[in-house]
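Reader: I am new to this structure. Please show me how to read it, feature by feature.

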Number of protein chains: 2
Amino acid sequence: MTGRMADRMAEISPFYVMTLLQRAKELEKQGRDIIHMEIGEPDFPTPAAIVKAGMDFIQKGDVKYTPASGLPLLREKVAEFYQQQYGVKVAKERIFITPGASGAFLLALGATLNPNEELLMSDPCYPCNSNFVRLFNGKTRFVPVNADNDYQLTAQAIRDSWQSNTKGVICASPSNPTGTIIKAEVLKQSIEAVNELNGCFFSDEIYHGLIYDEKATSALEFSDDVFVINSFSKNFGMTGWRIGWLIVPEEFIEATNKLAQNIFIATSTHSQYAALAAFEAEAQQELENRRQELSKRRDFLYQKLQDLGFEMGCKPQGAFYIYANCAKFSDDSFQFAHDLLEKEGVAITPGKDFGTNDACHHLRFAYTTSINKMAEAMTRLETFLEDYK
Amino acid sequence: MTGRMADRMAEISPFYVMTLLQRAKELEKQGRDIIHMEIGEPDFPTPAAIVKAGMDFIQKGDVKYTPASGLPLLREKVAEFYQQQYGVKVAKERIFITPGASGAFLLALGATLNPNEELLMSDPCYPCNSNFVRLFNGKTRFVPVNADNDYQLTAQAIRDSWQSNTKGVICASPSNPTGTIIKAEVLKQSIEAVNELNGCFFSDEIYHGLIYDEKATSALEFSDDVFVINSFSKNFGMTGWRIGWLIVPEEFIEATNKLAQNIFIATSTHSQYAALAAFEAEAQQELENRRQELSKRRDFLYQKLQDLGFEMGCKPQGAFYIYANCAKFSDDSFQFAHDLLEKEGVAITPGKDFGTNDACHHLRFAYTTSINKMAEAMTRLETFLEDYK
């Protein structure tokens, strides 16, 4: 029975946080009170207007396939959104509705990446992205980043890292795990660099709705020759609906369409009808309320972690993560996370889920729970630190 | 701008039927009455009990991620289904809930297929399957099949076609486009052959709920060492819900789980809750009613096509397709389908969507519309044939 597994499987690692999550659930079954700050999933429900739109559609019972590219009306709404939000005109033919950002990455990388070609990514970054690359037998060149550059790639870093087999760059802003955003000028220069190198620029913008002090800048503001990945999941508490979108350069429209036809036929129809309501006033107001709530949570958690002695190179500007340096307490953040869970029932994610760049000294805290719960978590963390090391 | 497209895209063809479908829609806009017999999507809605289960869940607004492997309760229901339907015991850990059969194929082939490895498939067969293989830079060896073997592969054909780089076999029963099923003994011997050759056996069983005269036989009745792909889409009119499942050999559980975590995180949560109701009495009764209705449609269409002079090597036993030989009327079934659409407003699928094995003489008729409408289509077809050729 050997040799039947695809070679790529040896290189695709599971999320380390999953073993923690499993242990957390065991502890909960034993009656322990666990505070979850490990999960990248907002704690608010889908807005009522979106729920209603989804139910109104399902009620008719006629949940059939949509075109592979998505419901035409939803593609139009996305196009309008780019006009209103960023002042850019995107032809609706370039917009593909996908089963979450995951589906968008599948399409974008499937249409571009040959075996043994490389993509550049920051380290730390979201682990799935490099696993998509492995799925297509490509390779990832991780470029260490740090707080000096907001944990983001720069045009210089891209040029310095570019190899003959480099196909492109994945940039994520706000970043998971750091919550930092790329400066508009750096984004512009990075896109220019990739265009000059005749590569593909993939911009992961799934947390664009959750930026607290500044304004989000889309890669589309600087070039039509980019792939943009976005999603309803994080902004609208719609993780379980599995719906997002991909915008492709014009020359990739036909390829993306036939790939979508083949690899998922279409995105869930009821999710697409529900998502139509996401662009209306009621859901947009809800998003704004949540953004304000998350901004408060960020400020609270950032201050508390600083007070406890964690170091953050720069203040995160978006998403719902703080990437904290725990070198003062431990050289093994994975063990630290395990010990914190066992002793105090607080679940966080170890740095090694996001790369190897000083991962042993980093922890990701997700502020996807209320300030009250986080306050309790910080009290427990303080107790934990008193005895630790 | 050359060289950025992945090489695989040149080998992935769009569905030819899509150009027909597009033309059919244009004609409909012009006011023409089109009868759709090209679409592989049943015309009945999702059963009320399933709709209700989905809505009851969504109403709570808490549509969050499930585990990557699927809702534990749904996996248990699927396991029970195998016990009841086929008398086989399948550990629920081997069952993965997927975004349709498409998601199941993505996982199964992603976990097994290396670049340049081959899979064997019958010609004709469902075109997406070989496109999944191309997605992973594998190759398909098409084995011509005909009515003598129910348009299915045999153990002998598998052994004869096996190469040093052959990884396995995809078998689909009932088959799309032929509607024919594999005999239990042939299935058993084919699995044995693949096991002896240390390959992977993939059994596409998505039409198992729609078999008219015989009893469905699952690959799992003969071996635990098989991949089984199934779906709620066709049986329950749930195409737009995007939900199916994959059963893997025990040694692939861990790999499949980490692949699912990475490539789609999870299947739509509301679709999973809805699908729970598919195994209850009400939806099962509805399935039985539909099976009987489709059986009548098959008999009607089969007789009519025979009367008109089309030849079918054997009577289809399942799914909702008849694969008819039109050699008597044309040597170009693609042109035939176009002409029929233009002149008489009947849409069918040309053989070239399913392979190259005498495809120019074949047409797929889908009986996914009422007998009344099909009767009208047959009248039009008769008129069309009078002047044709």
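Author: Start with burial. A residue is buried if 20 or more other C-beta atoms lie within 10 Å of its own, exposed if 12 or fewer, and partly exposed in between, with C-beta atoms placed from the backbone. Here A:G351 counts as buried because it has 26 C-beta neighbours inside 10 Å. This is a predicted model: local features need pLDDT of at least 70, side-chain atom pairs count only at pLDDT 80 or more, and totals for chains, interfaces and linings use all residues. Residues are numbered from 1 along each chain as its sequence is written, and chains are lettered from A and ligands numbered from 1 in the order in which they are written.

Reader: Where does A:G351 lie in chain A?

Author: Helices (H or I, at least four residues) and strands (E, at least two) are DSSP runs, numbered from the N terminus. A:G351 sits in the loop between β11 (349-350) and β12 (362-366) of chain A.

Reader: Which residues is A:G351 in contact with, leaving aside its neighbours within four places in sequence?

Author: Two residues are in contact if their C-beta atoms, placed from the backbone, lie within 7 Å. With those neighbours left aside, the contacts of A:G351 include A:P124, A:S333 and A:H361.

Reader: Is B:L71 buried or partly exposed?

Author: Partly exposed, because B:L71 has 19 other C-beta atoms within 10 Å. B:L71 is in the loop between α2 (48-59) and α3 (72-86) of chain B. Beyond four places in sequence, B:L71 is in contact with B:T66, B:I97 and B:Q272.

Reader: How is chain A divided into domains?

Author: Domain bounds come from an automatic or database domain assignment. Chain A has domain 1 (8-45 + 283-387) and domain 2 (48-280). Taken over C-alpha atoms, the centres of these two domains of chain A are 25 Å apart.

Reader: How many residues of chain A and chain B are in contact?

Author: 59 residues of chain A are in contact with 60 residues of chain B. For classes, Ala, Val, Leu, Ile, Met, Phe, Trp, Tyr, Cys and Pro count as nonpolar, Asp, Glu, Lys and Arg as charged, and the others, Gly among them, as polar. The side of chain A that touches chain B has 30 nonpolar, 21 polar and eight charged residues.
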